[in-house]
Amino acid sequence: MVGGLKMGFAWWMDSSEISANSFFKFLPRKHILNLDILSNSEVKMIEERILSSGDTISKQSDNSELFRLRELQKDIILNDMVLCVEQSFMNSKQLKIPHSEDLLPTELIEVAQRMIELRKKLVKRIGNFND
Amino acid sequence: MSILPHSSLSTLRVVSKSNLSESAKSSILNDIDMSLRLLKSGIGSESKKEPSSLIEVSSLNKAIVVYGNLLVQLSQLIRSQSLMAISEILRMDKIYLTGDSVEEITHKNNNFGYNKLRLEQITDQLIMIEKWLED
């Protein structure tokens, strides 16, 4: 498929280089200033549209848009964490922000890595159904 | 039980309090108190919803929807665990600097039991999608 949809889908869906550290915004890091605004009702609407398709594969635009919105939601939650930590330490030169790898239990980091693997497989599956 | 995976962690840049003057120590303690207050407001804003039941994954459409839900739940868990762990480290640093009783402080904000349940539920749902993808 050479359409803009497929290409538009592929450019941000490539997860071969994604690490848990970057995807889940491990500390310490700087917060992002201008994230897009998320509409929860839009997420719900697309979810309902996808689920109402039953076992019939829903439109790729819906699948990719839901991925985008859920990942934006992830970014907003984690960016809020980064901002909260940044603000908590910004007034002190005597304290340092610990690393996420030291804050999170090993099993939580493993689940984060498995989520990225799952993402890769889902993206591949969506691509196969739309070729 | 502590919420920290690594108990030797510290937010202090100084290696030993023996090198600190009383005024320097007092300044760091003020910074710690300020950081704890700011973190507390961040932790307090998190909603503590009851965990939802597992969803059967029987199609690609459902897998995509469930993946999206899981991603958000996992992000909330990472946020919550990170903020609580930093608070715990700050409290430990405060104990180190003041010489207060450890037991008195460590049992106040222990939510790891709650987080562990959330992680188990996320893992169970993750396994369901992984299994469906393998079939």
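1. Helices (H or I, at least four residues) and strands (E, at least two) are DSSP runs, numbered from the N terminus. Please keep in mind that this is a predicted model, in which local features need pLDDT of at least 70, side-chain atom pairs count only at pLDDT 80 or more, and totals for chains, interfaces and linings use all residues. Residues are numbered from 1 along each chain as its sequence is written, while chains are lettered from A and ligands numbered from 1 in the order in which they are written.

2. Of the 131 residues of chain A, 29% count as buried. A residue is buried if 20 or more other C-beta atoms lie within 10 Å of its own, exposed if 12 or fewer, and partly exposed in between, with C-beta atoms placed from the backbone. Among the contacts in chain A with a separation of 6 or more, 79% are between residues 24 or more positions apart; two residues are in contact if their C-beta atoms, placed from the backbone, lie within 7 Å.

3. The loop between α2 (20-23) and α3 of chain A deserves a look. It holds A:Pro28, which is joined to A:Leu27 by a cis peptide bond with omega of about -10°. A:Lys25 sits in the loop between α2 and α3 as well, and its phi is near 45°, a positive value in a residue other than glycine. Most residues other than glycine have a negative phi, and most peptide bonds are trans. A:Lys25 is buried, because 22 other C-beta atoms lie within 10 Å.

4. A:Ser52 belongs to helix α3 (residues 40-52) of chain A. A:Ser52 counts as exposed because it has 10 C-beta neighbours inside 10 Å. Its C-alpha atom is 12 Å from that of A:Asp62, 10 residues apart along the chain.

5. Now to the contact between the chains: 47 residues come from chain A and 46 residues from chain B. On the side of chain A that touches chain B, two or more residues each come from α3, α4 (60-89), α5 (100-103) and α6 (106-130). The most come from α4(A), with 15 residues.

6. Buried residues in α1(B) include B:Ile28, B:Ile32 and B:Leu39. The buried residues of α1(B) pack against α4 of chain A together with α2 (60-98) of chain B.
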